[in-house]
Amino acid sequence: MSLYAAADEHRIRLQARVREWTKSMLLDAAQGAALDAELRVDVRRTNVFLRAGLAVFTTLIVAASVSLTVVMFNLDHPIPTAVVSSIAAIACIALAQYLVVAQRFYRFGVEEALAVMSVALLAIAAGMFTDAQHIDSSGDAPMIAALLAGAAGGLCVYWRFGYVYAAIGGIVCAAAVPFQLGAAAQLGGTAASRHALAAAVFAAAVVIAHRRRGRHGDDYPGDDYALMRAAALAGLYLTLNLQFRFWWTRPDIAGAFYWFTYAMIWALPLAAVVLAIRGRDRSLLAVGLAMALVTVMTNKPYLGWPRHEWDPMLLGVFLMAVAIVVRRWLAAGGDGQRAGFTAARILSSQSGAVTLVGTASAVLHPGAPSYPESEDFVGRGGASGGGGASGTF
């Protein structure tokens, strides 16, 4: 059961919408102030920057405290380290719950970091304890135990505190378990089976989140399940796109499963876009369009076609043409919209998102090409103002 009342969660989300509408001039200042006062909830909150700073600071304190304890008492054996991590995990989750219940913290950063660190410490304890048991010789069991503990802990943190990113992290941990299965494992013997098992985990998460989102709609907790569905669908796509380069080596997979994944990387973006349009789900629409873009980028490697230097340029021209056509098609509808969709910028937060994307593109843009340094210029004794008109060349 969540520590926050469902009515409070609902009012907080409505309050955020009212403030956004007021900032976007959809409500005047008097209307916004009146609605904001009616929706006020007795919790302690802070801005996003201080929230992030407090979360980072709390994480460093917990990590340093546990590390100092291990170093001071020279705990070089897995069992004592697992005990210390377990005690620290219990202390962190208890303190996080105290801050929420007694001090009424809500997304304040401190209690979030404590809850997340409790899951991380629990995963470390599970891995250390499993390692001390010497269950198998392949060395996969400690990592599997840590991932399973992280998956269970992440889902429990969401159930108790309502942190969507904790649930998403739990889903990712559960989907990462098949990749830790050794070559001798019956289900994880091949790269194709590991990808298939991970995809099954993400697919199950998509189905569960989709059903729960349909049950609750756009209101709380339906908005949480919408984010989980979009994240799980992105994980499913990345697991099946064998040409998407991760930090590990791309697996050598061929045959029927290879072409099955090729069909899925085209089907998943289309299904996501259609589902997002029908359900008016902005997060799912963004994920679907991003998946479609990655599909276009990885199409040639999938088919074994050679890449050319002008491919990014052609892709950019194609995307600009599609954007112009869609924008003009929407603007040509009645009142500049079609079926509730418009190309006009309505909320001020959309302008901030565009600015953020532009800043990120500038940061990620490759630097200017470097040219080899030319040899130092050596003058020839010019006498006309240094121009060399009377000198030798």
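Helices (H or I, at least four residues) are DSSP runs, numbered from the N terminus, and the expected span of a helix is 1.5 Å times one less than its number of residues. The model is predicted, so that local features need pLDDT of at least 70 and side-chain atom pairs count only at pLDDT 80 or more, while totals for chains, interfaces and linings use all residues. Residues are numbered from 1 along each chain as its sequence is written, and side-chain values use heavy atoms, with hydrogens and water left out.

Helix α10, residues 256-279, has 24 residues and reaches 33 Å from its first C-alpha to its last, which is close to the 34 Å expected at 1.5 Å a residue. Its buried residues (under 20% relative accessible area, 1.4 Å probe, protein chains only) include F257, Y258, T261, Y262, I265 and L268. After α10 comes R280, whose phi is positive, near 55 degrees.

Helix α3 (residues 48-72) and helix α4 (residues 78-101) pack with their axes 10 Å apart and at an angle of about 150 degrees, the axes being lines fitted to C-alpha atoms over the stretch in contact and the angles running from 0 to 180 degrees between N-to-C directions. That angle makes α3 roughly antiparallel to α4, a term for angles over 145 degrees. In this pair, V62, V66, T69 and V70 of α3 meet T81, V84, A88 and C92 of α4, and C92 is buried, with a relative accessible area of 6%.

Technical notes: Buried < 20%, exposed > 50% of the residue type's maximum accessible area, 1.4 Å probe, protein only. Helix = DSSP H or I, 4+ residues; strand = E, 2+ residues; numbered from the N terminus. Parallel < 35°, antiparallel > 145°, perpendicular 65-115°, else oblique. Contact = heavy atoms within 4.5 Å.
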